[in-house]
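User: I am new to reading domain interfaces. Please walk me through one.

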Amino acid sequence: MVETVRERIPDGAEEGASYYPVFLDVRGRTALVVGGGAVAERKAAGLARAGACVRVVAPTVTAGLEAQARDGLVDLRRRAFRENDVEGVFLVYAATDDAAVNEAVYAEAEARGVPANVVDDPAHCSFIVPSVVRRGPLQLAVSTSGAAPVLAKRLRRELEGRFPEDWAVYVDLLAEVRALVRSRMAGGEAERAPVLEAACDLGVLERLRAGERLDAEAVYAEALRAARAGAGDGR
């Protein structure tokens with residue numbers, strides 16, 4: 001077993017600081033899930049949806065993990081965890097019901113500088129997973145840094161009500177408008193930003209909800225006019 005290594009926390013770190021919020025691009029990267037139960041199944045499914053190359057190591061697995069393996073979503077290895085399983089992976093989840101195995105997974109990951117999460121064991125996590133609301137490309141993440149997970153879930157439910165499913169259509173439309181702005185407007189962000197800001201101020205979501213048919217071309221043209229009018233007013 002390789003000893004866990006963690007460098008000294010810098011003197012300038014904020015008082016009480018813990019986790020640094022970040023979204024990871026796991027597409028095409030290998031993610032290791034150690035465990036074959038329901039929690040491991042959920043972790044593997046989420047990683048696969050995000051485009052990761054998921055490797056699951058466990059002697060026995062759920063029917064759901066079996067199905068994921070048949071569908072080519074995970075690389076299933078039916079055996080106990082080995083120390084070299086961590087070699088070359090991007091991140092690791094330990095989700096077994098054996099504390100000793102989970103601690104071994106964490107220690108190996110820490111020694112190799114691989115981010116690791118032991119489910120429901122914050123003391124053995126170099127990262128934690130927030131409660132997330134997904135609306136197409138829009139993702140709203142909530143975390144209490146492990147202090148009050150129930151509160152994080154409650155806040156997520158509140159956000160689900162505040163941001164219903166039609167936000168996915170709205171954000172997709174704004175992405176198309178942004179692509180038009182970038183392809184048609186010369187210059188940098190200083191020239192483009194007023195148009196993109198105007199696109200967000202047109203009440204597009206409310207108009208879509210009211211049944212108005214809007215596409216990216218129409219929103220782009222309207223935003224361009226609004227931005228030019230604002231510039232003419234000296235705003």
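Analyst: Let us begin with the ground rules. This is a predicted model, where local features need pLDDT of at least 70, side-chain atom pairs count only at pLDDT 80 or more, and totals for chains, interfaces and linings use all residues. Residues are numbered from 1 along each chain as its sequence is written, and side-chain values use heavy atoms, with hydrogens and water left out.

User: How many salt bridges link domain 2 and domain 3?

Analyst: A salt bridge is a side-chain nitrogen of Lys or Arg within 4 Å of a carboxyl oxygen of Asp or Glu. Between domain 2 and domain 3 the count is 1. R135 and E165 form a salt bridge, with their closest N and O atoms 3.4 Å apart.

User: How do I read the contact between domain 2 and domain 3?

Analyst: Contact means heavy atoms within 4.5 Å. In this model, 8 residues of domain 2 are in contact with 7 residues of domain 3.

User: What area do domain 2 and domain 3 bury between them?

Analyst: Buried area is the accessible area (1.4 Å probe) that two parts lose on being put together, summed over both. For domain 2 and domain 3 it is about 630 Å², with 65% of it on carbon and sulfur atoms. On the domain 2 side, R135, P137 and L138 supply 65% of the area buried against domain 3, more than any other three residues.

User: And the whole chain: which helices and strands are counted, and how many are there?

Analyst: Helices (H or I, at least four residues) and strands (E, at least two) are DSSP runs, numbered from the N terminus. The protein chain has 8 helices and 7 strands. Its radius of gyration is 23 Å, well over the 18 Å that the globule rule gives for 235 residues, so the chain is more spread out than a compact globule. That radius is taken over C-alpha atoms, and the globule rule is 2.2 Å times the number of residues to the power 0.38.
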